Structures are given as structure tokens and as C-alpha cells.
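Here's a quick briefing to read alongside the structure. Have it open and follow along as we go.

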Amino acid sequence: MDKKEMDLNRKVPIPLYYQLKEYIRQQIEEGVLAPGDLLPSERELSEKYGISRPTVRQALKELVYEGYLTREKGRGTFVARPKIDYSFIQHFTTFYEEMEEKGYVLKTQVLKKEVRKASKKLAQLLQIEEGEDFVYIERLRSIEGEPVVWVRNHVPYALCPGLLGEDLTDRSLYQLLAEKYSLVPKWAEIALEPTLADELDARLLKIDVGAPMFLMENVTYSEAERPMDFFISRFRGDKGRVRVRVFR
């Protein structure tokens with residue numbers, strides 16, 4: 001860390017962990033600490049600033065949750081890479097297409113692919129009959145070797161009866177639907193909200209239970225003005241941020 005020492009002010013009503021957290025964050029934003037740099041251990045920071053290890057742990061924990069730091073078991077705490085902008089939300093493009101365009105190394109693992117029967121709620125979203133078949137696809141996408149998003153697609157079976165046999169590993173679903181089934185997205189209705197990781201999120205995305213996440217639900221309509229897909233995506237909050245551009 002910077003040779004310039006930080007003085008913790010014990011005379012103000014600002015918690016010591018917060019003062020340490022803001023100091024480290026400032027060092028990262030000013031470039032004093034660069035992506036990949038290893039931070040001193042909790043014990044070293046505790047001794048250096050005369051504060052308890054739980055206080056240090058709280059500061060580091062919040063910086064990890066906010067995406068400034070990352071922890072690696074057996075190695076320590078490192079400065080994280082800059083967050084990914086999830087700006088695809090404001091354009092009609094897919095996560096896969098945008099990450100590929102930005103030059104990221106993107107990997108997709110297909111976790112599940114099967115035909116299911118539509119519930120009443122799903123049938124309403126897809127404008128199909130209750131009990132009608134749809135193709136369920138569950139995938140895990142990783143960027144630069146780290147899992148970032150878990151996505152579940154629900155596509156009406158009647159629109160693409162051969163979809164179950166397609167290999168979607170490291171491939172864009174929407175590109176396939178357009179090229180092979182003439183299902184070209186025209187518009188979408190999107191809901192986005194913050195959420196916290198549950199046990200399944202933690203296992204798939206390699207994060208702590210309770211870590212911040214983005215939940216995105218999307219109904220995509222084809223040029224025929226009919227729903228062609230309903231998907232649910234759960235994004236790691238520590239790896240990206242939502243950026244939009246607005247006009248008046």
C-alpha cells in the first residue's frame with residue numbers, strides 16, 4: 001500500500017472500519033493500488049493501524065462486496081479488476097454478444113436443457129396454453145475464467161422444435177434462433193432489481209451467501225409480436241454495474 005500513512009481519527013463519530021475502507025478505496029481509485037495487487041493480511045493491517053482484526057475484516061468484506069477487492073483462498077486479498085458495464089440492458093443486444101464485442105474471454109456451460117410443461121404464470125408470459133411444452137435452458141456464463149451470470153431461458157417449443165438438439169456451449173442462443181428458426185428479436189420488456197445471493201447462487205457463482213446481485217427478468221418479443229423467450233438472469237454485483245444513458 002501507499003507509503004503515505006493514514007491516520008485513523010478516533011475523535012469523530014465515523015467508525016474505524018469505514019475510515020480504513022474509504023482509505024483503501026481511495027488508493028484503488030487513484031491507481032496507487034492496481035488490479036492484481038496483494039493487500040497486507042488482516043493481522044498486518046490490524047497491527048499497522050492499531051485496530052482489531054474484526055474491524056479490518058469488516059472493511060475488507062465491504063470492499064469485496066462492492067467489487068473493489070477479491071479474495072482467493074490460501075493466497076489472500078487482491079485488488080479486483082474494474083467492474084464490467086452491463087450496458088447491454090439499454091440496447092437490444094445480448095450479454096454474450098456485448099461481452100464478445102468488448103473482447104472478453106467468454107465461456108458458457110450448459111447446466112440443463114429439457115422440455116417442460118408451462119405453468120399458468122409462465123403460459124401467460126409466453127402467451128401459450130397452460131401445460132404446453134417449452135424448452136428450458138439453464139446456463140452459466142464466465143468471463144475471464146470467473147462465473148458472472150446464471151441464466152434460465154424458457155422458449156416455446158412450437159417455435160423451435162429442434163432446439164433441444166442444438167449445442168449451446170459458447171454460443172449465443174438468440175443468434176441461433178435468428179439464423180435457424182427466423183426468430184428475430186424486435187423488442188423486450190425488462191425488470192431489473194437488486195437481490196442477495198442464495199445458497200444455489202453461491203455454489204454456482206462462487207460467491208458468499210448474501211452477496212449483492214442483480215436479478216433481471218426479460219420477455220423478448222419477435223418480429224411477429226409474440227413472446228419468443230422469457231429469461232431470468234442472476235448477475236454477480238461485485239463483477240459488474242448497470243450503466244444507462246438517458247435523454248430528455
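Let's start with helix α6: it lies across β5, β6, β7, β8 and β9, and runs at about 165° to β9. Helices (H or I, at least four residues) and strands (E, at least two) are DSSP runs, numbered from the N terminus. Angles go from 0 to 180 degrees between N-to-C directions, using axes that are lines fitted to C-alpha atoms, for helices over the stretch in contact.

Keep in mind that this is a predicted model, where local features need pLDDT of at least 70 and side-chain atom pairs count only at pLDDT 80 or more, while totals for chains, interfaces and linings use all residues. Residues are numbered from 1 along each chain as its sequence is written, and side-chain values use heavy atoms, with hydrogens and water left out.

**The open sheet**
- Six strands make an open sheet, in the order β4-β5-β6-β9-β8-β7, with antiparallel pairing (two strands pair if DSSP finds at least two bridges between them).
- At the edges sit β4 (106-117) and β7 (185-196), each pairing on one side only.
- On average, neighbouring strands of this sheet are turned by 15° against each other, ignoring direction.
- Nine bridges link β8 and β9 in the antiparallel sense, and M216 stands opposite S233 in β9.

**The cores**
- A nonpolar core is a set of buried Ala, Val, Leu, Ile, Met, Phe, Trp, Tyr and Cys residues joined through side-chain atoms within 4.5 Å, where buried means under 20% relative accessible area (1.4 Å probe, protein chains only).
- The largest one has 19 residues, and I137, C160, L163, L173, L177 and Y181 touch the most other members.
- At least two residues of this core come from each of β5 (133-143), β6 (146-156), α6 (173-181), β8 (212-222) and β9 (227-236).
- α6 gives the most to this core, with five residues.
- A second, separate core of 17 residues includes V56, L60, L63 and V79.

**Two packed helices**
- Helix α2 (residues 42-49) packs against helix α3 (residues 53-65) at an angle of about 115°, their axes 9 Å apart.
- The contact (heavy atoms within 4.5 Å) is made by E42, R43, L45 and S46 of α2 and R53, V56, R57 and L60 of α3.

- Strands β1 (residues 69-72) and β2 (residues 76-79) run antiparallel, joined by four bridges.
- T70 has F78 in β2 as its bridge partner.
- This hairpin has three residues between the strands, and G74 takes a positive phi near 80°.

How values were computed. Buried means under 20% relative accessible area, exposed over 50%, partly exposed in between (1.4 Å probe, protein chains only).
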